[in-house]
Structure formats: C-alpha cells, structure tokens
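Please walk me through this protein, from the whole chain down to single residues.

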Amino acid sequence: SSCPPPPLPSLMYGSWCVSFQLARVPNELQHRLWAGEGGCFSLSFSSDGTRLAAACRTATDRFPIIVYHVYPSSVDAPFFLESQLSGHRNMCYDLSWSSDDKLLVSASSDGNCCIWDGDSLSPAPLKSLPHPCFVYAAKLRPQPYQATTSAKVLITGAYDGKVRVWDISTPGPHSVPIKEFQAHVGNINALTLDNSGIKASTAHAPTIQRRATRRGPLQRY
C-alpha cells in the first residue's frame, strides 16, 4: 500500500512512499554543476562528504578532474568549484578517495593511474603509475590496514585483465608494481576492497572474482 508524503521543504526530494520505505525516491532536479562540454565520466564523494570529484571532458579535449566543495548548510549555493586537477590525456574511468580523504586516486584510459593530494588539491599529481593499457579501476587499501604497515598500498585493474599492487609510499613521481597477476582473461571493469583491506573483488563479464590481498583462496562467482 502507498501513503502520501508529509509536507517537505521545496528543495528536498520525494513525492511518494510505500509503507516499508524509510527514504523517498529522488525525482526532482536540485542542482546542476558544470562538468565540461564533453560530459562527466566518473564521480566520487570524499569520505566525509565535503568534496565531490568529477572526471570531465572539455570542448578542447582536455580531461580535468573538477573538485567541488560541498556546503550542506547552504541552500542557494551548496557547491563551490574548489580546484581543477590536470594530469590525464584521456577520460578517467574511476575516481576514489582514501578513507582519510588525504589522497584522491584516478584511473584513466591514457594508461596512467594518478595520485593527488587531497588536502591541498594541487593541480599536478603527486605520483603517476604507468600501465601498458587502459586503467579501469583503482582503490587504496583502507586506513585500518594501512595503520599496521608503513606501506601505502594501491590496487589497480586494467584492460589486460591484470591486477597490479603498488606501494605508493616510495619516493619519486613514479612507482612500479610490487606484484601483478592475471585475474581475468579480459579487461577488469570494476574493483573493490572490503573495509578491512584484506579481501579484493574484481569484475569482468561474466565473472566476479574475490581474492585475499594476503594469502588465501580464490573464489569465483
């Protein structure tokens, strides 16, 4: 059965609900943000919700990552363009913040994974991780695991079906993988880590694989 919603402020979403729903379905445009003439390919909110990163394309074939600061208390102007990050030469497939929001990671079809300073949002990357092909996914190992080791571990998935493990705490503008393995016969479309940082899952049609980032069995779904 359905029930009418209570009166709402004009900028809040929602026009209907059913008895078991706790939240209303968004169905009204609230804000519109500039994302380049060529559109936006990936979005990611920071862990604390105060920043929104958007991988965009401009009319002149530039591929900036636009970072908006979010002001939830402001009704008229909740988003402010804080920075534009320039380092990729083609579209970004994935954006991901570290659990403490000190780093932003981008994976691109230009064959690079870039690491950005999440505090200063400097327009140039801190580090670039070169790949021999498109990079579709990149994730930093979560902070609870990082606290037990001096290494800062990043995992990427690419067009060649390989998972690569990187230690980005090494000095210099570039790094090389500390480990790589063939996870799929085709490109890895998606990659995620559990909250502990111990297990990783990768996806390629038609399979999903789950691996322990330390020693452990491979599971296929």
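Two residues are in contact when heavy atoms of theirs lie within 4.5 Å. With that in hand, take the contacts in this predicted model between residues at least 6 apart in sequence: 36% of them join residues at least 24 apart.

Next, the overall make-up. Of its 221 residues, 43% are buried. The exposed surface comes to about 12,100 Å². Carbon and sulfur atoms supply 57% of that surface.

Start with the open sheet. Four strands make it up, in the order E3-E4-E5-E6, and their pairing is antiparallel. Strand E3 (39-45) and strand E6 (79-85) are the edge strands, and each pairs on one side only. From one strand to the next, the twist averages 25°. Strands of a sheet pair through backbone hydrogen bonds, either parallel or antiparallel.

Now look inside that sheet. Strand E4 covers residues 51-57 and strand E5 covers residues 65-70. Five bridges join E4 to E5, and the two run antiparallel. Leu52 stands opposite Tyr68 in E5. The loop between E4 and E5 holds Asp61. Asp61 has a positive phi of about 60°, although it is not a glycine. Most residues other than glycine have a negative phi, and most peptide bonds are trans. Is Asp61 buried or exposed, or something in between? Asp61 is partly exposed, with a relative accessible area of 45%.

Move on to strand E7, residues 92-97. Five of its six residues are buried, so E7 is largely enclosed by the rest of the structure. "Buried" here means under 20% relative accessible area. E7 pairs with strand E8 (residues 103-108) in the antiparallel sense, over five bridges. Leu95 stands opposite Ser106 in E8. In a regular strand the side chains alternate between the two faces of the sheet.

E7 and E8 form a hairpin, with five residues between them. Asp101 sits in the turn. Asp101 is not a glycine, yet it has a positive phi of about 65°. Asp101 is buried, with a relative accessible area of 9%.

Which residues does Gly118 touch, leaving aside its neighbours within four places in sequence? Gly118 is in contact with Arg51, Trp97, Asp101, Lys102, Leu103 and Leu104. Gly118 is found in the loop between strand E9 (112-117) and strand E10 (127-130). Its relative accessible area is 0%, so Gly118 counts as buried. Arg51 is one of its contacts. Gly118 and Arg51 are 67 residues apart in sequence. In space, C-alpha to C-alpha, they are 9.7 Å apart.

Tyr93, Phe134 and Tyr159 make a nonpolar surface patch of about 290 Å². Tyr159 is found in the loop between strand E12 (153-158) and strand E13 (162-167). Its relative accessibility is 47%, so Tyr159 counts as partly exposed.

Note on methods
Residues are numbered from 1 along each chain as its sequence is written. This is a predicted model: local features need pLDDT of at least 70, side-chain atom pairs count only at pLDDT 80 or more; totals for chains, interfaces and linings use all residues. Side-chain values use heavy atoms; hydrogens and water are left out. Buried means under 20% relative accessible area, exposed over 50%, partly exposed in between (1.4 Å probe, protein chains only). Two strands pair if DSSP finds at least two bridges between them. Patches are made of residues with over 30% relative accessible area and no salt bridge: like charges are joined within 9 Å, nonpolar side chains (Val, Leu, Ile, Met, Phe, Trp, Tyr) within 5 Å. Accessible areas come from the Shrake-Rupley method with a 1.4 Å probe; for residues, only the protein chains shown count as cover. A salt bridge is a side-chain nitrogen of Lys or Arg within 4 Å of a carboxyl oxygen of Asp or Glu. Axes are lines fitted to C-alpha atoms, for helices over the stretch in contact, and angles run from 0 to 180 degrees between N-to-C directions.
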